[in-house]
Amino acid sequence: MSTRTLISPLVLARPRGRAVYWTVFGGVVLLFALAFLFPVYWMVTGAMKSPDEVTRTPPTLVPDRWHLSGYTDAWDLMDLPTHLWNTVVQATGAWLLQLVFCTAAAYALSKLKPAFGKVILGGILATLMVPAQALVVPKYLTAADLPVLHTSLLNSPLGIWLPAVANAFNLYLLKRFFDQIPRDVLEAAEIDGAGRLRTLWSIVLPMSRPVLGVVSIFALVAVWQDFLWPLMVFSDTDKQPISVALVQLSQNIQLTVLIAAMVIASIPMVVMFLVFQRHIIAGISAGSTKG
Amino acid sequence: MKTASKPPAALPPAALGVPEAPRSAGRRTGGPSRRRLADQFRAYAFLAGGLLCFALFSWYPAIRAVVIAFQKYTPGSGGEWVGTANFTRVFHDPEFTAAWRNTLTFTVLALLIGFAVPFVMALVLNELRHAKAFFRVVVYLPVMIPPVVSALLWKWFYDPGAGLANETLRALHLPTSNWSNGADTALVSLVIVATWANLGGTVLIYLAALQSIPGELYEAAELDGANLLQRIRHVTIPQTRFIILMLMLLQIIATMQVFTEPFVITGGGPEDKTVTVLYLIYKYAFLYNDFGGACALSVMLLVLLSTFSALYLRLTRSEGEDA
């Protein structure tokens, strides 16, 4: 039984209330279908129309003849396997490095009491205040010529991976979670002779599955959806992720082929969303309720 | 607009707000100082990777932005101090005024359109008792479509020839529009795209906030004779005031960094009607090879947005203490 909302259940139970309710319900279903599902349908079927049909006026709701050639052409002509693979490599690496480095750092800040730990945490939290996009140019210059080492991360997946680790939000999320793990549990492990790494691996991490899941989803989605940073990092066409490649190739390619490529580029994230939707939606909703 | 857009941008405010758990008092006592040194060494071994990345890609660039803003900087050969020349040069660029005007207009429009719409949607969805899961998934679907794909999709809808937008208007016997190609309509067209692509996250956050309102408040208001609008005004809005404020600040921060939509859909045009500040930064760096100018612009954007961020963090923190 749901709790009382704006409109009282009594009003809804009356015949007039029920009529209004179902009218509104129908209206919202229709609106949502038109606003959010229809564009997706239009994209998926648009790619299956013939090049003539897709530019015809008035447009056809259902393709006259279904062509799969849009999709196969996109796959071959736009070299989608390469770009999809690049994206997978970039996202997976960023995800793994973030898990390893952010978890280790959060564990250290939460449980190992390093000297100047508070200062470091403050420095990390301060970066939350700095809007990321405003710093892309100096970040680019740093990636192009790393201090001391004087090597360049441009056109290398490392150019995506390492900056992704500097994610104050995920690190703080992990630290906050670790803070809740009682010291006694860790000390018990220590008495049993477990080292710091062993404690992290066999005690802390198994307890942290929920937060690791949230961090993983955030990390993967962020890399897959990003545009400006990979646009700067990868000037080399063969190294570009799908988002950058789509825009670069969109100028001189047939419309149906481009649309098919757009659909293919969306599939991984949409599938991931449909699989993990409960967790994703719960995560977003939970974040808002205060306290 | 990376609003309460992608999950990472939709900072759950509470996560930042709750005060830290008290540390257990003091370090383990009695260990010889050598042991302590070993402890410190181990702690820093765990910290090293993360710390290095923060130093390289957050702290150092922030300092560097300020330094390069006062330099004539050529990659490879370093910088040469030029005082405030970058700022004056950027300031006298006619595109500078256009970029700031467009960015501010975009933000205001995004607040008007992109703010009211999700709130009303959440309000209605919260009253519906059927197919809740369906609505939540569908409203969030556009958020999961890569922003570049959303932008290209809408570019196709806006096409003056066979675009869906004008076809729909024609079918309804309404006058057609130039959408993203028209000087007057381009910016609004981009706001519509950004709103469509991002409102899912905002709706879900509002929905959660609405569900935390105690039902008794509505009952009491009803007993006092409050009608529907009065209940919204005197119960719903005051109860969600904090979330509304948070999301508004986040949205201002996000929309002022808009880049993908103008870059992909309009290329800054027609004329300079959709050049945004971030787009201009990109142009200075990669078209004009003027990194000093780009950093001068970055610093201006940084100062402005950090003010909003500071306000945001302050509010979330004080709310966390109150709770």
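Predicted model: local features only at pLDDT ≥ 70, side-chain atom pairs only at ≥ 80, totals over all residues.
An α-helix has 3.6 residues a turn, so residues three or four places apart point the same way. The two side chains form a salt bridge, in which the closest N and O atoms are 2.8 Å apart.

The partners differ in accessibility class. K175(A) is buried at 2% relative accessibility, whereas D179(A), at 21%, is partly exposed.

## A salt bridge between the chains

D39(B) forms a salt bridge with R196(A), with 3.3 Å between the closest N and O atoms. This pair crosses between chains: D39(B) lies in helix α2 of chain B (residues 33–69), and R196(A) in helix α11 of chain A (residues 196–207). D39(B) is buried, with a relative accessible area of 17%, and R196(A) is buried as well, with a value of 15%.

Within chain B, the side chains of D290(B) and R89(B) meet in a salt bridge with an N to O distance of 2.7 Å. The pair links distant parts of the chain, 201 residues apart. D290(B) is in the loop between α12 (277–286) and α13 (291–322), while R89(B) is in helix α3 (residues 85–91). D290(B) is buried, its relative accessible area being 15%; R89(B), at 37%, counts as partly exposed.

Salt bridges that share partners also join E190(A), R196(A), D39(B) and R42(B) into one network. Over all chains, the count of salt bridges comes to 12.

## Overall features of chain B

Chain B contains 13 helices and two strands. Of its 323 residues, 57% are buried. Among contacts with a separation of 6 or more, 67% involve residues 24 or more positions apart. The chain exposes about 13,900 Å², of which carbon and sulfur atoms supply 64%.

## The β-hairpin of chain B

Strands β1(B) and β2(B) pair in the antiparallel sense over four bridges. Three residues lie between the strands of this hairpin, where G76(B) takes a positive phi near 100°. Strand β1 (residues 71–74) has a covered face formed by Q71(B) and Y73(B), and an uncovered face with K72(B) and T74(B). K72(B) stands opposite E80(B) of β2(B), and Q71(B) has W81(B) as its bridge partner.

W81(B) belongs to strand β2, residues 78–81, and is exposed, with a relative accessible area of 59%. Beyond its neighbours within four places in sequence, W81(B) is in contact with V67(B), F70(B) and Q71(B). The C-alpha atoms of W81(B) and F70(B), which are 11 residues apart along the chain, are separated by 6.0 Å.

## Helix α9 of chain B

Helix α9 of chain B spans residues 215–223, and its buried residues are G215(B), Y218(B) and A221(B). Viewed down the axis of α9(B), the buried residues fall within an arc of 125°, so they line one face of the helix. These buried residues pack against α10 (228–255) of chain B. The face turned away from the buried side carries the exposed residues E216(B) and L223(B). After α9(B) comes G225(B), which has a positive phi near 90°.

E95(B), in helix α4 of chain B (residues 94–127), is buried, with a relative accessible area of 14%. Apart from its neighbours within four places in sequence, E95(B) is in contact with D272(B), V275(B), L280(B), K283(B) and Y288(B). The C-alpha atoms of E95(B) and Y284(B), 189 residues apart along the chain, are separated by 11 Å.

S180(B) lies in the loop between α7 (164–171) and α8 (186–211) of chain B and is buried, its relative accessible area being 7%. Residues up to four places away in sequence aside, S180(B) touches Y158(B), A186(B), S189(B), I265(B), T266(B) and P270(B).

## A nonpolar surface patch on chain A

Y41(A), L61(A), V62(A) and W66(A) form a nonpolar patch on the surface, with about 410 Å² of accessible area together. Y41(A) is placed in helix α2 of chain A, residues 15–46, and counts as partly exposed at 32% relative accessibility.

Technical notes:
Residues numbered from 1 in each chain as written. Chains lettered and ligands numbered in written order. Heavy atoms only, no water. Buried < 20%, exposed > 50% of the residue type's maximum accessible area, 1.4 Å probe, protein only. Contact = heavy atoms within 4.5 Å. Areas by Shrake-Rupley, 256 points an atom, 1.4 Å probe, with all protein chains shown as cover. Arc of directions from axis to C-beta. Patch = residues over 30% accessible without salt bridge, like charges linked within 9 Å, V, L, I, M, F, W, Y side chains within 5 Å. Salt bridge = Lys/Arg side-chain N within 4 Å of Asp/Glu carboxyl O. Pairing = 2+ DSSP bridges.
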